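I opened this model to look up how its strands pair and where its nonpolar residues gather. My notes follow in the order in which I looked.

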Amino acid sequence: MFIMLAASVVLAGCNNKEKEPEFNPTPAEQWGKTMAGNDPEEITWPDLSENYWEYTMDVSKYPSTGLRIAGQFPNENARFFNITLYDDDTTARIASIEDFNVVPSSGRNPFAEEGVTGDSWFEVNLVPAGTPASVTAGLKNVLEFPASTKRLCLLLRVYFNSIDHNDSFGGVELPSITFFDAATGKATGKAVRAKSTYYDKCAMIVNSVPELQSAQALVFTLAPNIMYSNGPTGYVTAANRMTDGDVLLFRFKPPHSPASISENTTADVRYWSICVGDKATHTPITVPDHSVTMDGEYANFVVIAKNDAMYTQAKAAAEANNINVLTWDREKSGDQLMIFYRQMYIRDGYVNSVQKITAYPPLKGGLPDATAPVMNVNAAHRVLGQYGPSGLKLSTTTLLAPNFADIKASVMRFEGSVEPE
C-alpha cells in the first residue's frame, strides 16, 4: 500500500489525458492542460483548492538558453502561488520561488503587502549555471538550473481560498514563456514546449494502487518526496477500508495559518487541509483550514458513510461535539479510502512541521520499500504528539452513545506505539 502512497502524494494532481505538445503562440497554449483540483476526473489525489500547469523545455535542443516567465500576479480568490523547477528525467526538485518572495516588475506584490489594488506584474528568470553575472545582474527573480540538465520541467501552482474555482490562474491570463540567450540576455522568441514525463508518472501511479486494507488504528505516516515535490510542504496519510456501521475519527492540534497578507511570512504554514480520496486517486472531499470548526485547540474529524442507515443521527451527534463531518459516498467511491493531512509552505523552524517525521516507506534503491515495518519514527502522533493526527475506527453506535461528549477525547485518538512487540 505505502509504495504507491509515497510516490503519489507529492504529485498531488495530474491529468493523464495529456497529448504530445505542439508549439503554440499564446501563453495558455504554451503551458500544459490545466490540472484543476476540483475536476472530478483529476487523478493522484489532488487538493480541491488547487490548479497546476506544466511546461517542459528540452535543454539539449536549446543549450545556453534562459526562460522568462512573465505575467500578472493572480488575484481573484488566489491564496498563494509558486513556480518550481525540476529535472524532468530524475523528477528531482531544483529550485522554487514562492509568491511573497517574487519582486514585482511593476506595481506591488499582493502576496507580500496589504491593500494592493490595481494590476501588478512579475517576471521570473530561469538561467543555466554559468550564466554571466553581467546578464543576471539585470534580471529580477533569478532561479538557476544545472547546465547538465537535459529536460527542465516547470510546475506553476496556485491555491485558492475556496474549492469553487475555475481553471484560471487567479482571474488573470497565464504567464507567457519566452527564450533568451543566456550569454547575452537578448530575447530569442517564444518558448517551445517539450513532452514531460510528468503525465507518464501519473499514469504509473494510478495503475499501481494496491488494495487498501481495513485497520482499527488510524496511523498517519509521511511519504518521501521523490517525484516533483512541492518545496517546503509535507503530507501525512492514513489508508483504511469502511464497511457498514463504520466511522473513522481522528484529531490533532493544527498549525497557525495566515489570517491576513501580513502573516504570510510568519505563520506556521501558508495553508493546511484535510482531504479524502478513493482508490482511483480522485479526491471527493477537501476541507481547507479556514472552513474547519475548532474544538478549543483541536480540530476533530469523522468520516461517516453517506449510505449508513444512521447517517443523519450520526452527523448531528458529531456536529454537536464540534467534530467536522466528512461525508463519504461508498456507493460512488467504494469502501477503500485515503485520508490526507497537508501542510503547505511550512515556515522554516516550525517545531510541529510534519517534515520532522521520518518518511515511510524508506527508500531502497531509489524506490519506496513497502516491506519495511512502520516504526514510531514514522508515525505522526509519536513524533509530533498532539500536533500529529491519529484516530480510530469505531462504530456509528459509539458516536451516538449518550456519554460520547465525556469520552470523545480518548476514543478519537490512538496513542499507542506502532512498533512490533
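Two strands count as paired if DSSP finds at least two bridges between them. Helices (H or I, at least four residues) and strands (E, at least two) are DSSP runs, numbered from the N terminus.

I noted the ground rules before going on. This is a predicted model, in which local features need pLDDT of at least 70 and side-chain atom pairs count only at pLDDT 80 or more, while totals for chains, interfaces and linings use all residues. Residues are numbered from 1 along each chain as its sequence is written, and side-chain values use heavy atoms, with hydrogens and water left out.

Entry 1: a sheet.
I looked up S4 and S5 and found that they pair in the antiparallel sense over five bridges. Asn82 has Glu98 in S5 as its bridge partner. The two strands form a hairpin with five residues between them, and Thr91 in the turn has a positive phi of about 70°.

I then checked S4 against S9. Strand S4 (residues 78-87) pairs with strand S9 (residues 151-160) over nine bridges, again antiparallel. Thr84 stands opposite Leu155 in S9.

What is the order of the strands in this open sheet of five? I read it as S1-S2-S9-S4-S5, with antiparallel pairing. Strands S1 (35-36) and S5 (93-98) each have a single partner strand, so one side of each is left without a neighbour in the sheet.

Entry 2: the cores.
A nonpolar core is a set of buried Ala, Val, Leu, Ile, Met, Phe, Trp, Tyr and Cys residues joined through side-chain atoms within 4.5 Å. Buried means under 20% relative accessible area, exposed over 50%, and partly exposed in between (1.4 Å probe, protein chains only).

Which residues touch the most other members of the largest core? Among its 32 residues, they are Trp31, Tyr55, Leu67, Leu126 and Leu154. The elements that give two or more residues to this core include S4, S5 and S9. S9 gives the largest share, five residues.

I followed up Leu126, using contact in the sense of heavy atoms within 4.5 Å. Leaving aside neighbours within four places in sequence, Leu126 is in contact with residues including Leu67, Leu85, Leu143, Leu154 and Phe180.

I also found a second, separate core of 31 residues, which includes Phe252, Val269, Trp328 and Val354.

Entry 3: another sheet.
I looked up an open sheet of five strands with the order S13-S14-S21-S16-S17 and antiparallel pairing. Its edge strands are S13 (221-222) and S17 (285-288), each pairing on one side only. Strand S16 (residues 269-278) runs antiparallel to S17, joined by four bridges. Ile274 has Val287 in S17 as its bridge partner.
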